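Colleague: I would like to learn how to read a fold from its elements, its packing and its strand pairing. Could we go through one case together?

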Amino acid sequence: MTGLTTHVLDTALGQPASQMRIDLYRINGAERIFLKTVYTNDDGRIDGGAMLTAQEIEPGQYELVFFAGDYLRRTGATLTDPAFLEDIPLRFSIADVTAHYHVPLLVSAHAYSTYRGS
């Protein structure tokens, strides 16, 4: 598989984070170009597979914005006001358009982590 995929797991609940909004941007210098909005399914993944296919990807910098605050409020997580984590922006670069870039998010009310997965 090639392209860009993501997966969101709620580490506090030990389950996939369903119905989390994610916005995707391409970064071109100081310009932030909106590409699309997607939502995670019941497995914490995006229906249809890749957010960007190999044909759509260009080398460069991208940003995923995970709307964690909205998701956490729906789950009943105990949050401060304002929430410690609201929107989580992740910037990363794609160098090889023939490779698979999997950018998962592990999230709870007070922490998150990511990595380049497979």
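Colleague: How many helices and strands does the chain have?

Modeller: This is a predicted model, in which local features need pLDDT of at least 70 and side-chain atom pairs count only at pLDDT 80 or more, while totals for chains, interfaces and linings use all residues. Residues are numbered from 1 along each chain as its sequence is written, and side-chain values use heavy atoms, with hydrogens and water left out. Taking helices (H or I, at least four residues) and strands (E, at least two) as DSSP runs numbered from the N terminus, the chain has one helix and 10 strands, and from the N terminus on they run β-β-β-β-β-β-α-β-β-β-β.

Colleague: What part of the 118 residues is buried?

Modeller: Buried means under 20% relative accessible area, with a 1.4 Å probe and protein chains only; in this chain, buried residues make up 42% of the 118. The C-alpha trace spans about 40 × 30 × 20 Å along its principal axes.

Colleague: Which order do the strands of the open sheet follow?

Modeller: Strands of a sheet pair through backbone hydrogen bonds, either parallel or antiparallel. Two strands count as paired if DSSP finds at least two bridges between them; here an open sheet of four strands has the order 3-2-9-10, with mixed pairing. Strand 3 (15-16) and strand 10 (111-114) are the edge strands, each pairing on one side only.

Colleague: In which sense do strand 2 and strand 3 pair?

Modeller: Strand 2 (residues 8-10) pairs with strand 3 in the antiparallel sense over two bridges, and D10 has Q15 in strand 3 as its bridge partner.

Conventions: Buried means under 20% relative accessible area, exposed over 50%, partly exposed in between (1.4 Å probe, protein chains only).
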